Amino acid sequence: MKKINTPLLAISMSIAAVLAAGCATQQSHSMHQTSPEMIQKAFAAMKRDFHARAIATMDRLDTDKVQDVCNATGDVPPEEMAAKLEAEQTATLKLPADGNYMGDWKAGEKIAQSGRGMTWRDKKMEPEKNGGNCYNCHQISPQEVSYGTIGPSLLGFGKIRGNTAETQKYAYSKIYNSKAFNACSTMPRFGHVGALNEKQIKDLVALLVDPASPVNK
Amino acid sequence: MSDPMKIRAKMNGDVAEIRVLMGHPMETGQRKDAAGKPIPPHFIQSMTVEVGGKMIVDGQIGTSVSRNPVFGFKMKGAKSGDKVVISWVDNKGDKRSDSVAIA
Amino acid sequence: MEMNVTRRTVLRGAGSLGALSALIAAGALKPAAVFAAEWNKGAFEARDSAGVLKSIGAESATENNKLVLKVPDIAENGAVVPVEVVSGIPNTTSIAILVEKNPLPLSAYFDFSNGALPEVAVRLKLGQTSLIKAVAKADGKFFIAQKEVKVTVGGCGG
Amino acid sequence: MKYRIAIMAALVATWTGPVLAQEKDPTIAGIEKYREMLGDDNPAELYEARGEILWKKADGPNRVSLEKCDLGLGPGVVKGAYAQSPRYFADADRVMDIETRINWCREKIQGFSSADVKKKPFGSADKPSQIEDLLAYVVTASKGMKIAPPNSHPKEKEAYELGKALFFVRAGPYDFSCASCHGEDEKRIRLQGLPNLTTPRDTKASHAAWPAYRVSTSRLHSMQWRINDCYRQQRFPEPGYMTDSVNALITYLAVTGEGELYKGPSLKR
């Protein structure tokens, strides 16, 4: 991680810059890279100054490889490294055993609306009570005007892509682990970290893909 | 003890503009506390505005007015230096009066 | 009228308050009782707009474009929604404001006199998206204006 | 990468409409009207009035007021002190934000215990905390003054660098950093605009508006609270009140936002 191939990094950065210029939805964080020394200092400071509260325990500061790489590269890992990370994250995907990706879009809408869960105000890990925080960052159903813009608009998601098994699987996988598609995506890995369970992710897939969902009307 | 009101009163041409901010919970009686017990209503029911010794606004207030209420009024016939007295009484009988001179 | 004078005196909290305080202290009058007579309990405790309008005698209020209700179309938070009412109807003496979807719709009722312009700015709580209604009384007649305010979900919601 | 470009192209295609429409988005226009109508009447003034009384009151085990407290511009100087914070204090040998410094005075001058001042710093609508009242009084005395944290002492520079690093590091179950939400221009959560706190433009406007009274919670929120609650939403463990990490982040924000005239405490959603 400390030895980053500079030319490669420069190339990937310029690609990202081009994309960022042309597309408002690209996760184009300002080109920022923290030195390994400062990253280390930041974590040392947090480990000294932060404390566990309810389910928000101190091990949340123990980073995994994805976080390490994204931190070290300012969220723009060299292409090869990104591809490797994405492959590794893809290998962790747990897809539904029954091969069915679609749940109930109405339940999905409720999950998309809710921002609850995983904070130090939550006493237990209860994914069934958690929300997906979706509207915080995405436009989804046209009826909800209060939506965020950190992520791309998902309006017409299923209509644009078609209600195919492939689309359903893609949506499920992306919600389960966004990093399988974009190593340093801003989006959480909801399934991977156990914030949402299989049923909830299926309901969200239905919200996005089901032709009956307002998203596709 | 209730917070003193913040009253602003100034002349704008021949119109006196009066705004007041009151410190009050304006509890509706519809809410429940953490233990699930209903929180009793506690809200301002009446308010008056007097300018130069004359009542200009006589208001009755309900629970839909926001916490820490803000009201704005206007009048003609007042002048800089006139005393503005604003008073309120809540449903528990607590009351408060504050005054300011029109700027 | 008699009640009104008493109430104003008490509100001012000075001067002739002494006699009344004595009454209150003696238990002859509870403060709430003093004002309850004046505060239009029936109107403020009415559970729907129709009930409020009836209680204030405005059930036959008519629309009039000189009664201007200024509200935001959308509010970031229902806890504080700024509302302004300006009546251009001659001889307007009172303005009432209602939040239709609130459990108790009547929010405020103002009587204006001695040079006060018939207009008011307030901040109201909206439990949900709702119509706001403004009612003005002029020369004994009632006029009404209404607009919807959409209350949105705000913040991260965690 | 090819795949990503393909997705990107699709996104550009689907976004042409909304992006163009955004300029006259009625929702955004409506929210702007809401904020405009909300006006200037700010219940933070009630905090300020209580804070002034509290500042001058002989309080604590030592029964003395805070009027000799040195907020950085000399003992007893309140005016302008907030605008020049956070700063290094030799007597404490650390960089302190204004809230940390007021509490330091409450301990050292008034004799409150450290536990006392840390007990419940974030009040509720029904029970505002004393530090929030004091804070409102102190910051209001910097209204209209230029935000100018010194950022010259080595420890101030160190705090800035640490704060900047803290701002960008991702961790926790959601892989978030501060920059996840505050790292780009013109983004929002729901309808709330997110200042890009990596650039002076947004940071100036944002920093000059805190502390803020929020109508949704009916209370005044300090920067200490702001950082705390961001970390809660980031799903991190809880940062300790007035710790070096929190003060480093506040230093980073103040330095990034320097040069703006202080406009707080403001009124927010």
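User: What covers the buried residues of α2(A)?

Analyst: This is a predicted model. In it, the cover over the buried residues of α2(A) includes β1 (50-51) and α3 (65-72) of chain A.

User: Which residues of α2(A) are buried?

Analyst: A:I39, A:A42, A:A45, A:M46 and A:D49 are buried.

User: How many residues does α2 of chain A have, and how far does it reach?

Analyst: Helix α2 of chain A covers residues 36-49, which is 14 residues. From its first C-alpha to its last it reaches 20 Å, close to the 20 Å expected at 1.5 Å a residue.

User: Back to β1(A) and β7(D). How many bridges join them, and do they run parallel or antiparallel?

Analyst: Two bridges join β1(A) to β7(D), and the strands run antiparallel. Within this pairing, A:F50 stands opposite D:P239 in β7(D).

User: How many residues does each chain put into the contact?

Analyst: Chain A puts in 57 residues and chain D puts in 44 residues. On the chain D side, the elements that give two or more residues are α1 (2-22), α7, α8 (178-182), β3 (187-189), α10 (223-233), β7 and α11.

User: Which element of chain D gives the largest share?

Analyst: α1(D) does, with eight residues on the side that touches chain A.

User: What about classes on that side?

Analyst: The side of chain D that touches chain A has 22 nonpolar, 10 polar and 12 charged residues.

User: New topic, chain D by itself. How many helices and strands?

Analyst: Chain D has 11 helices and eight strands. Its radius of gyration is 20 Å, close to the 18 Å that the globule rule gives for 269 residues, so chain D is as compact as a globular protein of that length.

User: What box do its C-alpha atoms fill?

Analyst: The C-alpha atoms of chain D fill a box of roughly 70 × 40 × 35 Å, taken along the principal axes.

User: How much of chain D is buried?

Analyst: Buried residues make up 53% of the 269 residues in chain D.

User: And what share of the contacts in chain D join residues at least 24 apart?

Analyst: Among contacts between residues at least 6 apart in sequence, 69% join residues at least 24 apart.

Notes. Residues numbered from 1 in each chain as written. Chains lettered and ligands numbered in written order. Predicted model: local features only at pLDDT ≥ 70, side-chain atom pairs only at ≥ 80, totals over all residues. Helix = DSSP H or I, 4+ residues; strand = E, 2+ residues; numbered from the N terminus. Expected span 1.5 Å × (residues − 1). Buried ≥ 20, exposed ≤ 12 C-beta atoms within 10 Å, placed from the backbone. Contact = placed C-beta atoms within 7 Å. Nonpolar A, V, L, I, M, F, W, Y, C, P; charged D, E, K, R; others polar. Pairing = 2+ DSSP bridges. Rg over C-alpha atoms; globule rule 2.2 N^0.38 Å.
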